[in-house]
Amino acid sequence: MMRTLTLMAVGLLLALPLTIQASDLLPKVPLPAGKDKCVEPTDVMRREHMHFILHQRDETMHKGIRTTKHSLKECINCHNAPREDGKVAHIESKDHFCNSCHSYAAVTIDCFQCHADKPENTNYRHSLVENTLPHHPEMSGSALTKDTLNVLATKGDAK
Amino acid sequence: MKKKITYTEIEGRSLGYYALLVVLGALVLLGAGAALYMEHNGHYVTGMSNQIVWGMPHVFAVFLIVAASGALNVASISSVFAKTAYKPMAPLSALLAISLLLGGLVILVLDLGHPDRLIVAMTFYNFKSIFAWNMILYNGFFVIVGVYLWFMLDRTMANYSKYAGFAAFFWRLTLTTGTGSIFGFIVARQGFDSAIMAPMFVVMSFAYGLAIFLLVLMATYSWRGAELGDGTVRRLKNLLGVFIAGAMYFVVVFHLTNLYMTKHHGVEAFTLRDGGIYTQLFWYGEILVGGVLPLILLYLPVTGKSRIAISFASILVILGGLAQMYVTIVGGQAYPLEMFPGKEIIASSFFDAGVKSYTPTLAEALLGIGGFAMALIMIPLALRILRFIPVSMADAEIDPHYREAK
Amino acid sequence: MKQLPTDPSRRNFLGKTAAAGLLIAPGVLLHQVAQARPADEAASSKVRWGMLVDTNTCSKGCDACVTACQTENGWGGEHSNEVKSSPEQQSQWIRKVTLRDKQNGHEQSLPLMCQHCETPPCVDVCPTGASMKRADGIVLVDKHICIGCRYCMMACPYKARSFVHEELHDQKPYAPRGKGTVESCTMCVHRVDKDGTPACVEACNKAGHQAMWFGDLNNPNSDISKRLKEYGGNQIRADLGLNTGVRYQGL
């Protein structure tokens with residue numbers, strides 16, 4: 001009897017740090033400032049996100065349909081936006097929303113063998129000529145990336 | 001009058017048996033290690049590149065796959081062509097066919113950029129792809145030859161074994177045609193583009209498969225200390241000679257047709273004269289070691305009766321076969337693509353000009369050898385479990401037309 | 001998060017605006033007639049995207065197209081993310097090739113990349129269907145189902161495809177690429193889907209060579225079609241009858 005009680009006490013004692021830190025262990029899927037919800041309700045997203053992404057993947061890959069609602073790129077853009085210090089989490093880190101959940105659930109994903117794990121460069125598609133052709137939000141003005149233009153400026157006319 | 005043949009398993013308790021398993025098992029483990037190493041790091045640890053995309057693993061894999069269908073020959077001769085003298089060897093022949101194909105496929109799969117996606121390869125089919133046909137052909141081969149084996153080993157089903165044998169025969173011909181067509185239908189590369197590739201692979205498969213079968217048969221009976229009649233050995237070695245000559249014939253025709261077409265003169269000059277290692281492998285490996293020498297050994301009266309010489313000839317056929325695969329697969333890629341007729345490429349950042357070089361690394365060679373060892377280790381293991389071989393292969397036991405020598 | 005406008009009427013209106021030509025920088029006009037396609041509409045076989053290279057104006061020392069492709073799609077170059085692969089193993093989506101006529105010594109240079117065949121051998125041979133051609137003629141690799149067998153690389157007459165030999169990091173969001181899969185020129189499909197022009201073509205124009213043209217081969221009024229009609233254009237390895245989407249003048 002005494003032995004059992006001791007064991008229980010020890011067990012409780014051991015479990016204490018766990019209960020304290022439980023919230024830290026739970027996965028985190030941050031939303032960017034100014035957003036209060038995802039494109040689907042949380043419980044739907046939790047269960048179905050892979051189906052959404054898989055469906056969108058084939059639509060985009062084979063048909064060129066580029067709606068953003070269920071695209072992996074938009075998941076990354078929103079949930080892995082740069083923090084206030086300007087840093088972005090990489091997939092290897094627990095701060096990355098995908099890894100945060102997937103390591104918790106012990107499910108391996110291979111999306112990021114190929115896909116970028118962070119949003120595109122904020123300077124990407126920076127426009128040289130403001131508002132020339134704003135029919136695509138991402139592509140207002142120049143369709144050349146800033147990087148490309150920089151390179152061209154330095155090496156361009158090699159005639 | 002038909003004699004009843006008693007089949008047996010092997011005892012498999014001798015030191016030699018375990019030594020064989022240890023050696024082959026070590027090679028299999030080395031191959032597995034090499035595959036893990038390649039899979040973990042990526043293909044940069046191999047000599048393969050964007051210029052030579054298929055290398056050593058494919059040389060071994062294609063050789064084994066081709067040899068697998070050839071190893072089934074002995075069984076086919078007994079069931080399709082009703083030669084009773086071959087019947088006692090049919091189960092071993094089918095077993096060897098399955099094990100060689102498995103060894104070859106393991107190499108092929110482990111060399112993929114994504115071996116983890118094997119399930120994708122099995123669930124997504126592009127029916128225009130010869131590769132996809134081959135996946136069906138390979139899987140079908142296991143099923144059909146497996147059923148054939150079952151019918152041969154199970155007395156209650158023995159009556160059906162002939163039909164299964166027919167099915168297996170046609171399937172194996174299709175399979176080798178498909179394997180040859182992987183290369184034959186590549187119109188982009190001068191070294192491959194030829195319809196004769198498919199029948200050439202079929203005849204080569206006869207020789208490679210029979211050479212391996214002969215070695216396995218002679219080793220099994222010699223190590224068991226049981227009798228293997230001279231009549232059987234003579235029959236098989238003569239058949240091997242015919243197959244080698246047949247393969248040589250196709251090689252000659254293949255190159256002659258290419259030489260007839262002016263646009264193929266470049267690649268022919270490369271293989272036959274200027275190709276360095278590929279030219280040497282062609283003349284010394286494929287022709288001399290894989291063709292001329294074994295023919296001499298098999299047919300010279302002095303050596304033709306010696307089992308050592310016959311074994312040696314069989315080994316030479318295997319080495320020549322590997323050389324042939326190397327010349328065909330790697331040599332075919334080393335020769336530059338002819339994109340701009342009448343023009344020479346004087347500058348390119350992507351190695352468009354000149355012959356491409358390829359130096360295999362240890363990892364990819366070990367993967368190939370490991371696959372070969374895996375094909376072979378299945379034989380002693382299976383022979384110990386099931387009754388694949390006759391107790392005795394003495395001529396008087398198995399040959400209905402046998403007569404005592406004068 | 002910005003949502004793309006999906007109202008078709010608005011898109012059409014804007015499409016017509018775009019048709020007037022894209023002003024990308026002072027003095028540089030893109031000769032491309034864009035037809036705006038809503039983001040939720042599938043690529044159509046009414047369009048066949050193609051490119052035209054004028055080897056007479058393609059400058060020998062210039063590799064602006066290659067550099068632009070590298071920057072856009074995140075391969076090769078000075079900051080290549082393939083650090084372990086040998087030069088023979090590193091990817092090249094587009095390369096410059098210099099040719100000399102064996103008879104008269106005439107030299108010319110041209111960019112060589114995926115030719116976006118109408119009947120692509122790479123698509124025929126791919127066992128899983130990862131190698132695919134979109135309805136609008138752009139040939140792509142679906143890396144999700146690519147098993148890395150490299151049969152497409154064996155079959156391509158232009159050696160236009162590369163295999164990724166090592167683990168990659170820092171890919172571009174628009175150009176996913178990774179270890180163990182095959183890749184090649186995508187004709188900058190992510191830009192084309194948004195009425196853009198491939199990076200190489202833009203860079204060539206920006207560099208002032210005007211040697212590359214992009215547009216709809218099915219539309220007789222597109223600049224590329226008009227130019228092809230007037231001056232003609234050759235295919236590399238025309239003997240194979242692949243009806244390539246990339247054509248060359250002066251070859």
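**View 1. Strand 10 of chain C is mostly covered.** In this predicted model, 5 of the 5 residues of that strand are buried. One of the residues to look for here is Trp213(C), which has Leu52(C) standing opposite.

**View 2. Strand 10 of chain C meets strand 3 of chain C.** The two run antiparallel, and 5 bridges join them.

**View 3. Put together, 3 strands of chain C make an open sheet.** Their order is 10-3-11, and the pairing is mixed. Strand 10 (212-216) and strand 11 (246-249) each have a single partner strand, so they sit at the edges with one side left without a neighbour in the sheet. On average, neighbouring strands here are turned by 20 degrees against each other, direction ignored. In general, strands of a sheet pair through backbone hydrogen bonds, in either a parallel or an antiparallel way.

**View 4. Over in chain A, we find 5 helices and 0 strands.** Follow the sequence along and the pattern reads α-α-α-α-α. Chain A has 159 residues, and 32% of them count as buried. Its accessible surface comes to about 10300 Å², with 61% of that belonging to carbon and sulfur atoms. Among contacts in chain A with a separation of 6 or more, 39% come from residues 24 or more positions apart.

How values were computed
Residues are numbered from 1 along each chain as its sequence is written. Chains are lettered from A and ligands numbered from 1 in the order in which they are written. This is a predicted model: local features need pLDDT of at least 70, side-chain atom pairs count only at pLDDT 80 or more; totals for chains, interfaces and linings use all residues. Side-chain values use heavy atoms; hydrogens and water are left out. Two strands pair if DSSP finds at least two bridges between them. Helices (H or I, at least four residues) and strands (E, at least two) are DSSP runs, numbered from the N terminus. Axes are lines fitted to C-alpha atoms, for helices over the stretch in contact, and angles run from 0 to 180 degrees between N-to-C directions. Buried means under 20% relative accessible area, exposed over 50%, partly exposed in between (1.4 Å probe, protein chains only). Contact means heavy atoms within 4.5 Å. Accessible areas come from the Shrake-Rupley method with a 1.4 Å probe; for residues, only the protein chains shown count as cover.
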